[in-house]
Amino acid sequence: MNKMLTTRNIALMSMFIAMEALLSKIESMWFVMPQGGTISISIVAVLLASYILGLKSGVIVGIGSSILQFILGDVVWYGIYSYLFDYVFGMLACGCAVWWRSGRINWRGNNYFIFTGVIMASVIKFLGHFLAGWLLFAEYATGPVIKYSIVYNGTYMLPTLILSYIVFSIVYPTLKRFRRQ
């Protein structure tokens, strides 16, 4: 039998999708940018799925989360390309977080553990938002569209990266015992 489709993994994938949806609903109550975008920790659920269950399950959780956001009406709809760049591409990047190796670095005599996948997934998610802004939101730009998209999306993606990294660093060590066996 396929190891990814065990009852345990299906239950965990469902749990991570539900966790992302719940956190996304809560986040939409605080800081939302005018054309969409919010400081978000909901991506931590998808990042955890990737690190705990592996690449394939992480991708399923990422895509499942973006589909559930659409079904629940949490998508700021500006057309199919906006949905694909802002939601599917971004969550897919988070689902692939385990792809980038994490490891220890020695800096000034101290050993630090770096979750490279969390950083790379956030950067790629930012690139999806940047592309959507550059290609679809030119009419909102008060200057060069590329600069507008970088500043607009960076306004919420940089805090998202920092918050998500902190939350992930606290939660993952506790949950890693559920890692795929």
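Y78 touches P34, Q35, F137 and Y140, leaving aside residues up to four places away in sequence; contact here means heavy atoms within 4.5 Å. Y78 sits in the loop between α3 (55-72) and α4. Helices are DSSP runs of H or I, at least four residues, numbered from the N terminus. At 34% relative accessibility, Y78 counts as partly exposed, the class between buried, under 20% relative accessible area, and exposed, over 50%, with a 1.4 Å probe and protein chains only. From Y78 to L136 is 58 residues in sequence and 8.1 Å in space, C-alpha to C-alpha.

A word on the source. This is a predicted model, where local features need pLDDT of at least 70, side-chain atom pairs count only at pLDDT 80 or more, and totals for chains, interfaces and linings use all residues. Residues are numbered from 1 along each chain as its sequence is written, and side-chain values use heavy atoms, with hydrogens and water left out.

Next, the helix pair. The axes of α4 (residues 80-95) and α5 (residues 116-136) come within 8 Å and cross at roughly 175°; axes are lines fitted to C-alpha atoms, for helices over the stretch in contact, and angles run from 0 to 180 degrees between N-to-C directions. That makes α4 roughly antiparallel to α5, the term for angles over 145 degrees. Residues making the contact include F85 and F89 of α4, and I124 and L131 of α5.

Last, α6 (residues 145-175). What is the bend at G154? α6 bends there by about 45°, taken as the angle between axes fitted to the seven residues ending there and the seven starting there. Among the buried residues of α6 are Y148, Y152, Y156 and F168.

Methods
Helix = DSSP H or I, 4+ residues; strand = E, 2+ residues; numbered from the N terminus. Parallel < 35°, antiparallel > 145°, perpendicular 65-115°, else oblique.
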